[in-house]
Amino acid sequence: MTSRFSFHTLAVGAWLLTSTASALAAQCGTGTFESWLDDFKKEAVTKGISQNAIQAGLNGVTQDKAILARDHSQQVFSQTFEQFSGRMVPPRLNRGSDMMKRYGSVLSRIEEAYGVPGEILVAIWGLETDFGVNTGKFPTLRSLATLAYDCRRSDMFKAELMDALRIVERGDLSPQEMRGAWAGELGQTQFMPSSYIKFAVDFDGNGKRDLLHNVPDVLASTANFLKSYGWKKGKGWEPGSENFAVIQQWNKSEVYAKTIGYFATQLAKAP
């Protein structure tokens, strides 16, 4: 039983901890980027991230105005399914079929473990990065810090930046390796750091969850993502199905989700 005095002491202690965290919280758009980053580093310590990971990941990071320009000029996706799938699928179909054969045994083991068929995984892989060819060249930590300092979606990108540091901390990737799309997506199927932390798996057992270089890890982690959102083993993925709704957790665009399903269906028919 907690005495009245103890309860009051606990309440005051909680208030002091909250106040300290608030004081350390990096406020978007206030002061210089450098001062904001210093505050963010202090906040990262309160979240349990080590000084080694913080220094390795953030020392020398600068703001990238070109990233802000890209973020502020994003256009609404406006292509029809016919336009998008017609542009994206035919040039990738032969290579996708080759990848199905090359990684056949890996894909079979992944389907056994997660219930997601290889055709879906290879379709996502091909659409996202041309099977790992175009993973992006933007320094991830710089991109995320830039977007977190900007007030447009600061909370979202601050959380992603924290998770990027956690990827560094657990040794999956070095800061120098972490290059990807301009908004912080990483790896051959383009995981945001938060998804990397939640869903990346070390499928080949080498001690690292490497979604940049290790194809078994890439494909199994993608399957783990889909399974976690409710993928139904042995069921189809046509629009309106439960599995189509899971594909839309990967990408909310109906056109993109339909294209994943269409590509997978074509791969299933390939000789």
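Helices α3 (51-58) and α9 (140-149) each supply at least two residues of the lining of the second largest pocket. The model is predicted, so local features need pLDDT of at least 70 and side-chain atom pairs 80 or more, while totals for chains, interfaces and linings use all residues. Residues are numbered from 1 along each chain, and side-chain values use heavy atoms, without hydrogens or water.

**Stop 1: the second largest pocket**

Begin by selecting the lining: Ala-56, Gly-57, Asn-59 and Val-61, then Pro-139, Thr-140, Leu-141 and Arg-142, and finally Pro-175, Gln-176, Met-178 and Arg-179. A pocket is an open set of points on a 1 Å grid where a 1.4 Å probe fits, with protein on both sides within 12 Å along at least five of seven lines; lining residues have an atom within 4 Å of a point. With α9 coloured separately, the largest share of this lining can be picked out: three residues come from that helix. The space in this pocket is about 200 Å³, a volume being the space filled by probe spheres set on the points.

**Stop 2: the largest pocket**

To see the helices around it, select α8 (118-129), α10 (154-169), α11 and α13 (242-250), each of which supplies at least two residues of the lining.

**Stop 3: Gln-188**

Select Gln-188 in the loop between β2 (179-180) and α11 (193-199). Gln-188 counts as buried because its relative accessibility is 6% (buried is under 20%, exposed over 50%, partly exposed in between, with a 1.4 Å probe).

**Stop 4: Thr-222**

Thr-222 is found in helix α12 (residues 215-228). At 1% relative accessibility, this threonine is likewise classed as buried. Beyond four places in sequence, Thr-222 is in contact with Leu-121, Ile-124, Thr-189, Phe-191 and Trp-250.

**Stop 5: Glu-119**

Return to α8 and select Glu-119, which counts as buried at 18% relative accessibility. Not counting residues up to four places away in sequence, Glu-119 touches Met-100, Ala-264, Leu-267 and Ala-268. A distance drawn from Glu-119 to Met-100 spans 7.3 Å, C-alpha to C-alpha, for a separation of 19 residues in sequence.

**Stop 6: the disulfide**

End with the one disulfide that the structure holds (two cysteine sulfur atoms within 2.5 Å). Cys-28 is joined to Cys-151, with 2.1 Å from S to S. The pair links distant parts of the chain, 123 residues apart: Cys-28 sits in the loop between α1 (4-24) and α2 (33-46), and Cys-151 in the loop between α9 and α10. The disulfide is right-handed because the torsion about its S-S bond is about 105°. Cys-28 is partly exposed at 23% relative accessibility, and Cys-151 is partly exposed with a relative accessible area of 43%.

Key: Helices (H or I, at least four residues) and strands (E, at least two) are DSSP runs, numbered from the N terminus. Contact means heavy atoms within 4.5 Å.
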